[in-house]
Amino acid sequence: MTQHLDFFASELTELGDHRRSFLEIGRRAGRFPSAFARTPDEPADHEVSVWCSNDYLGMGQHPSVLEAMKGAIDAFGAGSGGSRNIGGTNSYHVLLEQELAALHRKEAALIFPSGFTANDGALSVLAGRMPGTLVFSDRLNHASIIDGLRHSGAEKVIFRHNDAQHLAELLAAADPDRPKLIVMESVYSMNGDVAPLAEVAELAERYGATTFVDEVHAVGMYGPEGAGIAAREGLADRFTVVMGTLAKGFGTAGGYIAGPAVLIEAVRSFSRSFIFTTSMPPATAAGALAAVQHLRSSETERRRLRENATRLHRLLNEREIPFLSDQSHIVSVLVRDDLLCQQASELLLRRHGIYVQAINAPSVPEGQEILRIAPSATHTTADVEKFAEALDGIWEELAVPRNTPAQTH
């Protein structure tokens, strides 16, 4: 035991000021993005405005979601009682899977307790069960994709981020008879940029590859009924499997895949992270179902999110504050220095009551530190304008580099 304690104590000492900190917040149902927060320096609750939540549309506080969850608790209690194949399949699990399959116009869907386990569990099967499968993976794919492919044991080649030409070269160089799987995200969580899905779909068809697209930062927010970027571009039927989350646009928790029934059943039958875990609570499934159903029929939340993101892009450009992409609602402001990024985050919180988490390695490469800003559908126009003014003042005070006019988006 002593060896382990000494080793990890040394590891943490080496991190020094780069150790991760966590802000304790209590989101206020009905008033989000308002939340109560506590810090070690300020242990009493104080009100903050949250600007880094993944609950992009505010569905985590929507009345229909809350009502559905309360009703499910009253009917079924707190937990599911077991894994899906041993006493843990509730009617809400089945209804949610049917709704997700319908959303994506796929034959079947399968839910997991988290998005991470959905990627890990699905890819370990889809890449690993079929002998000789060669996987083509975007360089910036999420850790859950990387782990799923590692657990699959399949051979993997990496293509440069969003570089369809590089992907084409790698596909052309591969044995034409080998099974091929292309894996990418549609919206990338740290950059906020969007994959060239049309080119990828064309390449997959040319080389006979199966496709797996992670749409966790797109479902609910983009496309008809919130079905994602591939659906928005009219390409949904050209991608084999879509993976999504219930924890972001849909405001609850869990992950899922949707696709051909035979592939979904294979994952259901062979995925260790599906088989050997307790299923999500029925109340969570009921809330997710209510969120998906609402967003399939409502454009209001998507319109508000789009307007707020566009407004923030414009205000930051006017102030020459650099951000990585204007293609989505994820506005990653580039600081390029870990301690400076933490300072900016602390000043926003202390002076303005604005909470934005500084993002450092390993979430982003060292020297590419960002403030990952997420304007939501619940922010007002005044909130967005206040945020831009506050960030501008801090940028000036800390002398963070700004864009030149030629660099603005």
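Helix α13 passes helix α14 in a right-handed crossing. In such a crossing, the near helix is turned clockwise from the far one by less than a right angle. This is a predicted model, where local features need pLDDT of at least 70, side-chain atom pairs count only at pLDDT 80 or more, and totals for chains, interfaces and linings use all residues. Residues are numbered from 1 along each chain as its sequence is written, and side-chain values use heavy atoms, without hydrogens and water.

The axes of α13 (residues 338-352) and α14 come within 10 Å and cross at roughly 130 degrees. That makes α13 oblique to α14. Angles under 35 degrees count as roughly parallel, over 145 as roughly antiparallel, 65 to 115 as roughly perpendicular, and the rest as oblique. Axes are lines fitted to C-alpha atoms, for helices over the stretch in contact, with angles from 0 to 180 degrees between N-to-C directions. Helices (H or I, at least four residues) and strands (E, at least two) are DSSP runs, numbered from the N terminus.

From α13, the contact (heavy atoms within 4.5 Å) takes in L340, Q343, A344, L347, L348, R351 and H352. From α14 come K386, A390, L391, I394, E397 and L398. By class, these residues are eight nonpolar, two polar and three charged. Here Ala, Val, Leu, Ile, Met, Phe, Trp, Tyr, Cys and Pro count as nonpolar, Asp, Glu, Lys and Arg as charged, and the others, Gly among them, as polar.

| Helix pair | Axis distance | Crossing angle |
|---|---|---|
| α13 and α14 | within 10 Å | roughly 130 degrees |
| α12 (residues 300-318) and α14 (residues 381-398) | 10 Å | about 25 degrees |
| α4 (residues 115-126) and α5 (residues 143-152) | within 7 Å | roughly 30 degrees |

Helices α12 and α14 are therefore roughly parallel to each other. Their crossing is right-handed. N308, R311, L312, L315 and L316 of α12 meet T381, V384, E385, F387, A388 and L391 of α14. This contact has seven nonpolar, two polar and two charged residues.

What is the handedness of the crossing of α4 and α5? The crossing of α4 and α5 is right-handed. On the α4 side, F116, N119, D120, L123 and S124 make the contact. The α5 side includes A143, S144, I145 and D147. By class, the contact of α4 with α5 has five nonpolar, six polar and two charged residues.

A search of the whole structure finds one cavity of 30 Å³ or more. A cavity is a set of points, on a 1 Å grid over the protein atoms alone, where a 1.4 Å probe fits but cannot get out; lining residues have an atom within 4 Å of a point. The largest cavity holds about 50 Å³ of space. Its lining consists of R84, H93, I111, F112, P113, F274, T277, S279 and M280. Five of the lining residues are nonpolar, three polar and one charged.

Finally, the backbone. Most residues other than glycine have a negative phi, and most peptide bonds are trans. The peptide bond from F32 to P33 is cis, with omega near 25 degrees. P33 sits in the loop between β1 (24-27) and β2 (34-38). The bond from A361 to P362 is also cis, with omega near 10 degrees. P362 lies in the loop between β13 (358-359) and β14 (370-373). E320 is not a glycine, yet has a positive phi of about 55 degrees. E320 belongs to the loop between α12 and β11 (331-334).

Note on methods. 1 Å grid on protein atoms, 1.4 Å probe; cavity = no way out; pocket = protein on both sides within 12 Å on 5 of 7 lines; lining within 4 Å. Points joined across faces, edges and corners; volume = space filled by probe spheres on them.
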